[in-house]
Amino acid sequence: MASNTIAGTGEKQQTLLGADELILNMGPQHPSTHGVLRVKLKLDGERVIGSECLIGYLHRGVEKIAENRTYQQFAPYVDRMDYVAAVSNGLGYCEAVEKLLMVEAPPRARVIRTILTELQRIASHLLWLGTHALDIGALTPLFYCFREREEILKIFEKYCGARLTTHAFRIGGLQYEAHDTLEKDVERFCKAFEPRIKDYEDLLTQNRIWLGRTKGVGILQAADAIALGATGPVLRASGVKWDIRKAMPYAAYDQYKFEIPVGATGDTYDRYMVRMEEMRQSRLICLQAIENIPAGPIMAKVGKVLKPPPGEVYHSIEAPKGELGYYVISDGTVQPYRVRIRPPSFVNLQSFDHMVKGHLVADVVAIIGTLDIVLGEVDR
Amino acid sequence: MADEPKEQQPSGVPAGDKPAGSSAPTSTPPAKAPAAAPPAAAPPKPAAPPPPKPPVQLQTPLNNELVGRVRAKFAAALLEAIEDRKQAILTVECGRLAEVAQYLRDEEKFDLLSDLTAVDWPRREKRFDVVLNLYSFAKNERLRVKARAGDGEQVPSVAGVWPTANWLEREAFDMFGIIFAGHPNLTRILLPDEWQGYPLRKDYDIIEQDTSWVKENLGIESGQ
Amino acid sequence: MQEVTQATMEFMKQYWAPLVCGLAIVAVLPLIVGYVVLVERKIMADMQARLGPMRVGPHGLLQPIADAVKLLIKEDIIPDDADKLVFWLAPVLSVGAALLAMAGLAIGPAFQIAQDINVGILFVVGVSAMGIFGIVLGGWASNSHYSLMGALRSSAQLVSYETAAGMALVCGLLFAGTLNVTSIVEAQRNQGIWFGLLAPVALFTYLVASIAETNRAPFDLPEAESELVAGYMTEFSGFRWSLYFLAEYTNMIVVASVATTLFLGGWLRPFSETRWLNFIDFFPPLLTAVIGVYCLMRTPKQPARVQQLFMLAVAGLCFAVAAVLASPVLVPIAKPSLAAAVRPFYAGIHGGFWFIFKVSAYIYFFMWLRFTLPRYRFDQLMRLGWHFLIPLSIINVLLIGIAMIVGVYYHLNGWRLLLATLPASIMALIIALFILALDQKGEAQKAPSRAPDSYA
């Protein structure tokens, strides 16, 4: 690509003082592009008149790797996509392959999966909150968020020995039985977490500067959000009440009561509020789930060698960032013929150009933060 | 899997001949299957009755109201309508993909393009499947639309129908080299602009690519 | 012979004493700044539920020295496309201006480098504003977009907020009737009340404006890390970067000192003229003694022998300071005949303590805000400056002026002057709220005008 053009913004635009536009290259090494996102901004003074995301710096060819691994061998790779929500990634993949095999994980496995996935959602949202607040200049929430996230990671560590890229689930169920203190740990975390959310909200929700920085910034109307394929909290903040956990329940979500928070205007503040409320709802799901974990096996009867009958399946789950879809095609061998991963971050990032136009440079980082992207997933 | 030894099965072909050894048929079909299958007029379910154990017909022809409407509208352009594991799949003529897409979005309310991707079947005459995964908020159901395209054949872009297809089509172009006609900015997205070849094609040799890249950029014989 | 000695003494008094003071400031200030940074990191850690630097020295007490050494031995990088001369000059300019501004400040009745400048405050404010040249030139010379934008923001910010700060200072100067730093403090002693109490709105305006001027959060846009990487300092590293850093913290000390001098009674003890409150004089030695006791208590908990010794030394230092602070208070009680002789020491030592104490409190407030608040956006910052602070400060000057006329008319002074200024301040406050409400209404009307655009 020629260095000084931005796709879709035309040749020359009218600037305020008739001066030349400034092309500002943000990233791939920049404190607030959340990894290796590179954004080319066309600026009139500080106002953004055009932008282009350049991605791929973290491309590892995950989909190609999948074609050269067996079904089980590929499972740990998906953890490396959205590495702050590895459990959710694993859940999506395992369920997709289970669907391809036409088996179903036993109830006990499904409930434990639900608990861990919801904890992962809280952890992912906490990381988002901390970094988002940091981008907007509030230093302190980051450390509070990491304090709580640490508790969740400790639970993961107790369960499966890993903290970040957990590979917690197996195709057909769970590898490990839940450790003895799982319920107690989760309950303790949930009890402590309630007042902590209030702490974050005290710091931010009513703060005039926070309101000024987030209200009316990066507005995404519902129609635009759908057209741009945005899913997850980004879509819900625009007022579309769609959550795959409710619409097409998977794991054990159909057993629990929870609300789907939606926003009204689709601005950064709404997305903030939606995610805050989602954390509360996830906490409620965890509390409901630990009350009654059914006894029974944790693995369905799947062979040591998985050879799904030929065919294809698309399965998607509500990952913390949005719809995480797996489109898996089997040709009857032990290796998937094709694994297509529908990454929520990648698709959500696409609305960036639309949201950022007309805003200031400072809003660019707010909008990158509010999209909650993870470059491991964008680039795969 | 650079050169596939077995004959590939286009997914549309019934595969009733060889699910024998697999563990699948006896276990119950997914009870919580997504509501992907259109609710009305579902054909007889595969593997539904537990007692008999016939070879399972996983891909069955689909013939519900939606298919009927699409067939009425596009007639011969609808090449095939099947159901695989309760997920509806339509295969349409490549040249009319954008039209069908427009119809599905406007009339059938499939307003979210969840995913757009491609699959390579090198043994087939038209080697690529362009696969669209659609979702309808109103009906809460999914639909998969496929179009078969040959190498170098132009596929009409659906970026005008769903703007989200912009990047997804770029990715498909990046990975498969499928040309989308009418796309606003069809350039590589994940790989560098000067990348040679299309990695997700089945005949793409990773080792060779790696070696040549290493030779060119690092000046050593092999990175392996 | 005696005349020669006399003349030498005169010369020394006139030139050498200030020179020694100046050298002391230049030599000690980097160390002080280093420890201010350490304190900031400790406070930040405390507010963020963590420990902060703990490795270098007990409780990280040697961290500033380690940092300084690290900065000094870092590679000195000058970008290829940079304007070398300006790149070299800019940090020096910044730090020079900041240090020069220190010269006009009086830390105690006697500790002042440039004594008796009749435009004292004006000199300090003017010279410290020169530091912006360093920032603008540095941003321009590095030939980087981020640096340039940081520099632009910084200059725009300074221009906007210097006005408000100046107007706030005018309020204090109205009461003082002089620009001379020493005389301003003397005026507060004579009035028996700090000007900050007489003009709280002016103090508030100056507080906000001074945060903006020193580029501190929530107004730290010129170096907004998440937006501009490091703003004007992006391309600077090692020693040059540390010069900018030194300038920034020195500027903080300067604005805090100005506020202390003008609004918070300079080196005066609280209620310095109220005899029966003289027991406050025991506060400084007690405070340092308590810190010493705390250090002593922590000593056995230190992991290494060296650290224990170090902690002991710190405790000893605290006790020594406490003894020094206590002596001017205790000696007159023990030996009333020495009271007159000790008096100047009292003024110097306790004055220094109170001055530093107030400056520290002011800077603590800066830090507190930094860890609590998100950052303003540039347009919001400008709107706050031009739509709120400047009108408010101008109106406040008017009201305070009127209050002073009223005060003269009714012969009010000292605490009784509050009778006139308090209504003025309340009125200013009401007007401030009114301006805010008006601004918000205007904002609400403007909001929906965002033009819809097609998908890029």
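Student: What is the mean pLDDT of chain C, and what share of its residues reach 70 or more?
Tutor: The mean pLDDT (the predictor's confidence in each residue, from 0 to 100) is 81 for chain C, and 94% of the residues of that chain reach 70 or more. This is a predicted model, in which local features need pLDDT of at least 70 and side-chain atom pairs count only at pLDDT 80 or more, whereas totals for chains, interfaces and linings use all residues. Residues are numbered from 1 along each chain as its sequence is written; chains are lettered from A, and ligands numbered from 1, in the order in which they are written.

Student: Where in chain C is confidence lowest, and where is it highest?
Tutor: Helix α9 (residues 225-228) of chain C is lowest, with a mean of 71, and helix α8 (residues 200-213) of chain C is highest, at 88. Helices (H or I, at least four residues) and strands (E, at least two) are DSSP runs, numbered from the N terminus. Over residues 448-456 of chain C, pLDDT stays under 50, and the model has 10 contacts beyond four places in sequence for them. Two residues are in contact if their C-beta atoms, placed from the backbone, lie within 7 Å. For the model itself, the scores are ipTM 0.82 and pTM 0.81.

Student: What makes chain A as compact as a globular protein of that length?
Tutor: Chain A has 15 helices and eight strands. Its radius of gyration, 21 Å, is close to the 21 Å given by the globule rule for 380 residues, so chain A is as compact as a globular protein of that length. That radius is taken over C-alpha atoms, and the rule is 2.2 Å times the number of residues to the power 0.38. Along the principal axes, the C-alpha atoms of chain A fill a box of roughly 70 × 50 × 35 Å. Buried residues make up 63% of the 380 residues. Among contacts in chain A with a separation of 6 or more, 71% come from residues 24 or more positions apart.

Student: Why is L412(C) called partly exposed?
Tutor: A residue is buried if 20 or more other C-beta atoms, placed from the backbone, lie within 10 Å of its own, exposed if 12 or fewer, and partly exposed in between. L412(C) has 17 C-beta neighbours inside 10 Å and therefore counts as partly exposed. L412(C) is found in the loop between α14 (378-409) and α15 (418-446) of chain C. Beyond four places in sequence, L412(C) is in contact with G407(C), L417(C), L419(C) and A420(C).

Student: Why is A49(C) called exposed?
Tutor: A49(C) has 11 C-beta neighbours inside 10 Å, so it counts as exposed. A49(C) lies in the loop between α1 (2-47) and α2 (63-73) of chain C.

Student: Which residues have the most contacts inside the largest nonpolar core?
Tutor: They are V364(A), L97(B), V130(B), I178(B), Y206(C) and A259(C), in a core of 291 residues. Helix α5 (residues 145-176) of chain C gives the most to this core, with 16 residues. Such a core is a set of buried Ala, Val, Leu, Ile, Met, Phe, Trp, Tyr and Cys residues joined through C-beta atoms within 7 Å. Leaving aside neighbours within four places in sequence, A259(C) is in contact with Y206(C), L207(C), S210(C), L264(C) and Y362(C).
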